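Dear colleague,

I am handing over the structure below, and my notes on what was found in it follow directly after. Please read them with the coordinates open beside you.

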There are 2 protein chains.
Amino acid sequence: MTIGTLAKACGVTVRALRYYEELQLICATQRSEGGYRLYDASAQKRIAAILTLQDLNYSLDDILEILGKASDGNSLPLKAQRIERSRTLLERQHQCLSEKLASLTALQADLSKRLTVLETQCTPCETHNPDAGACQTCEHQDTHWH
Amino acid sequence: MTIGTLAKACGVTVRALRYYEELQLICATQRSEGGYRLYDASAQKRIAAILTLQDLNYSLDDILEILGKASDGNSLPLKAQRIERSRTLLERQHQCLSEKLASLTALQADLSKRLTVLETQCTPCETHNPDAGACQTCEHQDTHWH
DNA sequence: AAAAACATTGACGTGGACGTTAGGGTTTTG
DNA sequence: CAAAACCCTAACGTCCACGTCAATGTTTTT
């Protein structure tokens, strides 16, 4: 399989593949007479892994650390040490993402509230008392608005 | 408050603040005799909002769209139209993040499996049968390994 | 064998979010 | 009233993940 075929099969550009090779993320299993890169099927899996991790906001450097250099052998099983390292990175990412998800959920709630407030013709209250339960100048539940 | 003080208070660089001003994300409420930017307390809140959204992977352009130009007035309430637009952006982000979280969870599970496999001294099976329940050459539960 | 399609290396371009330096002026501190 | 600390604008530099030529060589198709 030549580089163009592989690129099409994986949905990436030829340039991207060559760039991955620069970073040691992949490498052609051999070259043709004239110097064309030739790949076998294992390259597709490797690239799929790269794309998956990239979609999860990992940098190519991180991905290199997780998958290891292509020259170290592309196939399973990964070394135990690398797996542990990957797990650490993944857990950090997981933690980070779930925190962001929580923030987003909070933001959404806040936006909903503001929208409600707008619909009920209320305006923000500058001199509110955060300890009081409801607004003291109108029937609004939130002291920040009336 | 001068720009350096504000920067320190918000944990960003002076350069970043000037860059935000370029993008109309913030603006100094006034200038000193000699041309120094002077800010009041509301700037801090505005910058905190910017940082929060930035942490959620929004581009500064998106943030501008969500918060609106600083010159349009920094304070609440946002216009209903802007709120709806923000909600759309947030929901898209929320959707995207939760998908990534799911992928990460799957990856973590996969890593755990590989680690187990390594611990039990098993190796990947190239000629597995995905329909069979367990491995046919050893007692391993997964047909991909033995 | 000629054309079309595909590949090679090398090098410069891009965009976002600033960092950094240059060459000044301003405000505060001792 | 200096010196130090801070600020200004303008402009170029940086990093990442490629995009986009250019000039040339190789395979495939006709």
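Predicted model: local features only at pLDDT ≥ 70, side-chain atom pairs only at ≥ 80, totals over all residues.

Within H3(B), the residues Ala43(B), Ile47(B), Ile50(B) and Leu53(B) are buried. Because these four cover an arc of only 125 degrees around the axis, they lie on the same side of H3(B). As background, an α-helix has 3.6 residues a turn, so residues three or four places apart point the same way. The partners against which the buried residues of H3(B) pack are H1, H2 and H4 of chain B.

The corresponding helix of chain A, H3 (residues 42-55), gives a span of 20 Å for its 14 residues at 1.5 Å each, in agreement with end C-alpha atoms that are 20 Å apart. In H3(A), the buried residues are Ala43(A), Ile47(A), Ile50(A) and Leu53(A). Their arc around the axis is only 125 degrees, and therefore they sit on the same side of H3(A). These buried residues of H3(A) pack against H1, H2 and H4 of chain A.

Turning to the nonpolar cores, the largest has 21 residues, and those with the most contacts inside it are Leu25(B), Ile26(B), Ile50(B) and Ile63(B). At least two residues of this core are supplied by each of helix H5 (80-119) of chain A and, from chain B, helix H2 (14-22), helix H3 (42-55), helix H4 (60-67) and helix H5 (80-119). H3(B) provides the largest share of this core, with 4 residues. If neighbours within four places in sequence are left aside, Leu25(B) is in contact with Tyr20(B), Ile50(B), Leu60(B), Ile63(B), Leu64(B) and Ala70(B). There is also a second, separate core of 19 residues, which includes Leu25(A), Ala43(A), Leu53(A) and Leu67(A). In general, nonpolar side chains of soluble globular proteins tend to be buried together.

For chain A as a whole, there are 5 helices and 2 strands, and from the N terminus on its elements run α-α-β-β-α-α-α. Of the 146 residues of chain A, 18% count as buried. Among contacts in chain A between residues at least 6 apart in sequence, 39% join residues at least 24 apart.

Leu56(A) and Gln93(A) are 37 residues apart in sequence, yet their C-alpha atoms are 8.3 Å apart in space. Not counting residues up to four places away in sequence, Leu56(A) touches Gln93(A) and, from chain B, Lys100(B), Ser103(B) and Leu104(B).

Some backbone angles also deserve a look, given that most residues other than glycine have a negative phi. Just after H3(A), Asn57(A) takes a positive phi of about 70 degrees. In chain B, Asn57(B) follows H3(B) with a positive phi near 70 degrees, and is found in the loop between H3 and H4. Asn57(B) is partly exposed, with 13 other C-beta atoms within 10 Å. Gln24(B), in the loop between H2 and strand E1 (30-31) of chain B, likewise has a positive phi near 70 degrees. Gln24(B) is partly exposed, with 14 other C-beta atoms within 10 Å.

Finally, there are the surfaces near the DNA. DNA strand C is surrounded by 22 residues, of which the closest are Thr2(A), Gly4(A), Arg37(A), Gly34(B) and Leu60(B). Two or more residues of this surface come from each of helix H1 (3-10) and helix H2 (14-22) of chain A and from each of H2 and H4 of chain B. By class, the surface near DNA strand C has 7 nonpolar, 10 polar and 5 charged residues. DNA strand D is surrounded by 22 residues, the closest being Ala16(A), Gly34(A), Ser59(A), Gly4(B) and Arg37(B). Here the elements giving two or more residues are H2 and helix H4 (60-67) of chain A, together with helix H1 (3-10) and H2 of chain B. The surface near DNA strand D divides into 7 nonpolar, 10 polar and 5 charged residues.

With best regards

Methods
Residues numbered from 1 in each chain as written. Chains lettered and ligands numbered in written order. Core = buried A, V, L, I, M, F, W, Y, C linked by C-beta atoms within 7 Å. Buried ≥ 20, exposed ≤ 12 C-beta atoms within 10 Å, placed from the backbone. Contact = placed C-beta atoms within 7 Å. Near = placed C-beta within 6 Å. Nonpolar A, V, L, I, M, F, W, Y, C, P; charged D, E, K, R; others polar. Arc of directions from axis to C-beta. Expected span 1.5 Å × (residues − 1).
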